[in-house]
Amino acid sequence: MQPDELDLITRDEAPILETMRSIYSAIPMHHLAAIHGKIAGAMVVANAIKDALPLIHGPVGCAFQRKLNPFTLSSTFYDSPCTNLNNVDVVYGAEEKLSRAIVESYEKYSPGLIIVITTCTTDLIGDDIPSAVLKAKEKVGCEVIYSTGDSVGKSRPVGIQDSLYAMADQLICREDVERNEGSVNLINSPTQRNANKLLEMADLLSQMNIKINKVCFDHTTTKDMLDLAKADLNVIGYRMSWAELMKKRMGTEYCQITGWHRYNQKKDPETISPYGLAGSTRVLKEIAQIMGKEGEAESVIEKSRTAVQLKLQSASKELQGLKVAVPVGFSLNLLKDIGVDVAALIYRTQTLTHGVTDRAIQEIERANLGLAEIYDYHPELLINPTPKEELESFKRLKIDLVVAPVKIAHFYNREGFRTVDVNEFAQTEMSVGFLPSLKLCRVFREAMGKVRVRSPLLDLMEFDEGISNLTPHWARIALSFHHLRSTKFSQSSYYHFHGLAGVALNEHNI
Amino acid sequence: MSIIYDPLHDCKMVGALRAFHGISDSMTIIHGRNGCHCGALLLQTLSSEQNSVRVLFSGLKSSDEVYSGEERLASAIRLADRTFSPKAIAVLNCSAPAIMGEDVVGLQMLLKDEIRAKLIAMDAGGPEGPAWLGYEEALSRLVLQMSKGKGETSKGINLLGFKADDFCSQGDLFEMKTMLQDQDLFVNCVLSGSSFEQMQKAPQAELNVLLGGDGQECAKAMQEKFDIPYIAVPYPYGLKKSIQFVEMIAEAVGKQADPQILEKEKERTKKIVERAHMFFQGIYSTPVAVIGESGRAFDLAEFLSDELGMDVKLLAISSCNYSTSDMVDARDAPYEKLMVEPDRHDMNLALKDAGVSLIFGSSFEKRIASELSASLVRLSYPVLDQISLSNLPYAGFSGIASISESIINSILNRNKEEICA
């Protein structure tokens with residue numbers, strides 16, 4: 001299938017959608033002051049499949065609160081039927097109730113797929129979910145799967161990973177599959193639900209005579225999910241347990257385009273980012289190699305890359321040598337493509353310590369500095385700077401542009417530093433291909449056209465010295481959250497907390 | 001009977017949280033899994049004032065479900081006490097620890113002398129019941145913290161059933177206090193919308209006033225313990241209910257509402273209507289639906305029908321209270337169809353049948369309003385996609401202008417070309 005036959009939704013997103021996402025960006029979710037829980041992740045998956053219905057096996061609160069989508073607060077999960085468990089169910093079990101609820105859900109909503117999502121209540125009482133689902137399946141004309149959160153270990157986000165794993169385990173992996181030889185699946189995160197950014201990659205692969213079997217997730221249906229089984233290769237953005245399962249059960253290879261596993265093999269800093277001209281060339285060649293199309297790939301890549309390079313020459317003219325401050329984590333490949341000079345690298349490690357080892361933190365630093373050197377950047381590395389230290393360095397280095405999210409832009413603007421928020425670009429544009437470099441040029445050029453000094457009303461407020469996007473009260477809430485979830489927790493460790501409160505903690509680049 | 005249920009209301013934990021969070025110098029600890037905490041924190045952050053969200057997490061992990069999470073909870077309580085110095089800490093024992101049988105009451109006793117804040121623990125597992133029961137139980141738990149000195153004279157009234165995270169709640173409260181003050185009636189304490197110390201002094205009042213019938217369990221407990229009588233008053237939407245609100249309270253404390261003031265308010269309302277009378281004429285007979293909690297929605301439906309002349313095709317009670325059954329049985333209902341705590345899917349079908357052009361509801365009615373091309377006036381909990389910073393009320397005499405503004409503008413603002421038939 002050619003890319004233009006893919007029937008992708010080509011949504012030209014209105015600017016208001018970006019603003020709708022952005023308006024919630026200062027709310028400290030995503031491991032800062034709260035963690036979503038597995039139900040929210042499972043709801044994201046159910047919501048990303050057009051004809052799927054989530055059925056929450058639990059009490060009303062699990063259904064009502066989960067209407068809020070903590071991954072994207074601007075959207076709501078409007079349909080969240082549940083089995084409405086009560087204390088009697090807790091005592092006597094609710095397997096029969098679940099079976100009947102599945103049948104009723106089918107009759108009421110006519111979905112193509114029902115995803116049963118268990119809750120802590122049903123997990124604790126030990127309902128036999130597989131049996132209840134099996135019993136109900138005989139009476140409905142749709143697919144039914146269940147997600148308990150137990151299949152994927154610590155793969156995060158657990159709810160998303162587990163639901164997709166359940167889908168592979170209970171639905172996709174099967175024997176009677178008619179293969180679409182020589183084809184690949186391009187898999188986006190179900191939180192994004194817009195696969196536009198995969199379009200260029202799909203086009204390039206097609207030119208290499210690699211067929212595109214499916215692109216997920218974008219107006220994806222249950223049938224699309226079943227058809228994933230036809231491909232020879234899954235191209236995935238990050239580690240996905242379900243792709244590993246497909247390889248194990250069906251022999252479907254997978255290519256994970258991001259992740260530190262590549263870097264760890266050879267300690268080659270150039271393998272950190274799959275984006276930009278260099279990263280995309282590498283990943284495209286790799287996919288071509290897996291699919292046995294190295295010959296075709298060479299010319300396709302060369303042609304497209306050269307065309308974009310030519311356009312970049314004029315598009316990036318006014319960005320050449322611009323001094324930028326960048327948080328560690330953003331692709332240096334892309335910044336190299338647009339010609340800016342990375343003069344400062346800001347590395348905030350404090351919240352990383354909750355999920356990453358000290359050794360890994362050092363390795364991230366080493367890899368990024370190594371890559372900077374390859375690109376002939378000589379940035380000043382600022383590790384966990386206080387706001388004062390950060391501003392002093394920026395002034396000394398004569399920084400022209402700070403890469404920072406809108407929620408902290410006021411902090412820089414009042415000091416006369418322009419900012420650029422790359423979150424939206426990362427969400428909707430950043431992908432394997434050559435066009436994102438051009439798009440990033442536009443983002444940076446627009447940022448340079450903005451007002452440099454402002455007097456934001458936000459400056460009337462007091463923000464925390466350490467977590468500068470939060471007020472002192474919210475910073476204490478965030479720190480309490482981290483402390484109480486810490487693996488180093490012990491009964492008396494709240495004393496340690498008071499010491500921690502004085503430590504600078506910032507989440508600009510998380 | 002249907003098994004699946006897409007609820008219009010939350011669980012006991014959130015009801016209790018709404019009650020405890022109204023105590024302005026308290027912290028609430030969610031002792032449950034991270035999803036419960038995340039939901040609770042988000043609801044408060046999106047519906048309350050963002051500078052006063054006071055919700056913490058005990059940090060319960062799956063391994064604690066095997067080995068107990070009491071130690072972790074104890075640490076959370078100590079941390080909350082020392083870091084935030086609250087006057088009270090409410091611990092809500094959610095589904096998982098409630099099923100595990102965590103002894104939060106024992107912990108409360110154990111830590112009593114160690115922490116400075118008053119500790120209030122409550123089982124609030126999801127399977128134990130709906131939000132309104134949690135709200136009622138939580139308010140009644142506060143009675144144990146109240147005290148009254150011997151020989152103290154009773155004065156003023158307490159407002160019960162106030163919910164600080166309701167849309168326009170601060171404006172409504174200010175207006176209710178003003179209306180009462182104009183009649184020389186003094187508000188002693190608001191439950192829950194006071195400091196812990198003010199709440200402790202609630203027994204000094206001579207009357208408990210239940211807004212829309214909410215807070216009855218607490219009122220009964222206070223009557224028993226402190227001999228304070230109570231009355232239920234309508235939530236004062238519109239002119240008639242505002243007058244009723246003032247008159248009922250005045251009468252209950254042995255006074256008569258000043259007719260001159262009420263006359264003045266009528267005159268003020270008349271002038272408001274005059275300024276946009278053609279639009280008031282225009283919205284007459286508009287088919288509408290009201291979705292909301294029992295303590296507000298019955299009164300809102302009556303105001304819309306009786307005073308604005310709208311046709312309330314459907315009233316859906318999203319969450320009950322102890323007065324709901326009385327309201328259901330009342331004569332001369334101002335609505336055509338009533339659904340009590342319906343399934344959302346069923347309610348949406350009823351809304352489609354009703355053919356309404358305006359829905360009064362919560363943020364969760366956004367999709368159905370859009371599907372029906374109806375305007376949505378956000379009035380009912382939870383309102384998560386609209387803010388109110390101006391403190392304009394929807395309730396009381398002053399609320400008539402702002403609620404009418406919202407209704408009329410919600411129609412005038414529409415772009416006809418965007419509306420599908």
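Modeller: In this predicted model, strand S5 of chain B, residues 157-160, pairs in the parallel sense with strand S6 of chain B, residues 187-191, over four bridges. Within that pairing, B:Asn158 stands opposite B:Cys189 of S6(B). As to the side chains of S5(B), both faces of the strand are covered. B:Ile157 and B:Leu159 are buried on one side, and B:Asn158 and B:Leu160 are buried on the other.

Elsewhere in chain B, helix H2, residues 34-47, contains B:Leu43. This leucine counts as buried because its relative accessibility is 1%, where the cut-off for burial is under 20%. Leaving out residues up to four places away in sequence, B:Leu43 touches A:Gln65 and A:Leu68 of chain A, together with B:Asp10, B:Val14, B:Ser48, B:Tyr381, B:Pro382 and B:Leu384 of chain B.

In soluble globular proteins, nonpolar side chains tend to be buried together. The largest nonpolar core in this model has 128 residues, and those with the most contacts inside it are A:Met167, A:Ile172, A:Met225, A:Trp242, B:Met13 and B:Ile77. Apart from neighbours within four places in sequence, A:Trp242 is in contact with A:Leu164, A:Tyr165, A:Ala168, A:Ile172, A:Ile187, A:Met225 and A:Leu228. A second, separate core of 66 residues includes A:Leu205, A:Met208, A:Val235 and A:Tyr347.

Chain A may also be described as a whole. Its secondary structure comes to 22 helices and 12 strands, and its C-alpha trace spans about 70 × 65 × 40 Å along the principal axes. The radius of gyration of chain A is 24 Å, which agrees with the value near 24 Å for a compact globule of 510 residues. Buried residues make up 58% of chain A. Of the contacts in chain A between residues at least 6 apart in sequence, 69% join residues at least 24 apart. The accessible surface of chain A comes to about 21500 Å², and carbon and sulfur atoms account for 50% of that area.

How values were computed: Residues are numbered from 1 along each chain as its sequence is written. Chains are lettered from A and ligands numbered from 1 in the order in which they are written. This is a predicted model: local features need pLDDT of at least 70, side-chain atom pairs count only at pLDDT 80 or more; totals for chains, interfaces and linings use all residues. Side-chain values use heavy atoms; hydrogens and water are left out. Buried means under 20% relative accessible area, exposed over 50%, partly exposed in between (1.4 Å probe, protein chains only). Helices (H or I, at least four residues) and strands (E, at least two) are DSSP runs, numbered from the N terminus. Two strands pair if DSSP finds at least two bridges between them. The radius of gyration is taken over C-alpha atoms; the globule rule is 2.2 Å times the number of residues to the power 0.38. Contact means heavy atoms within 4.5 Å. Accessible areas come from the Shrake-Rupley method with a 1.4 Å probe; for residues, only the protein chains shown count as cover. A nonpolar core is a set of buried Ala, Val, Leu, Ile, Met, Phe, Trp, Tyr and Cys residues joined through side-chain atoms within 4.5 Å.
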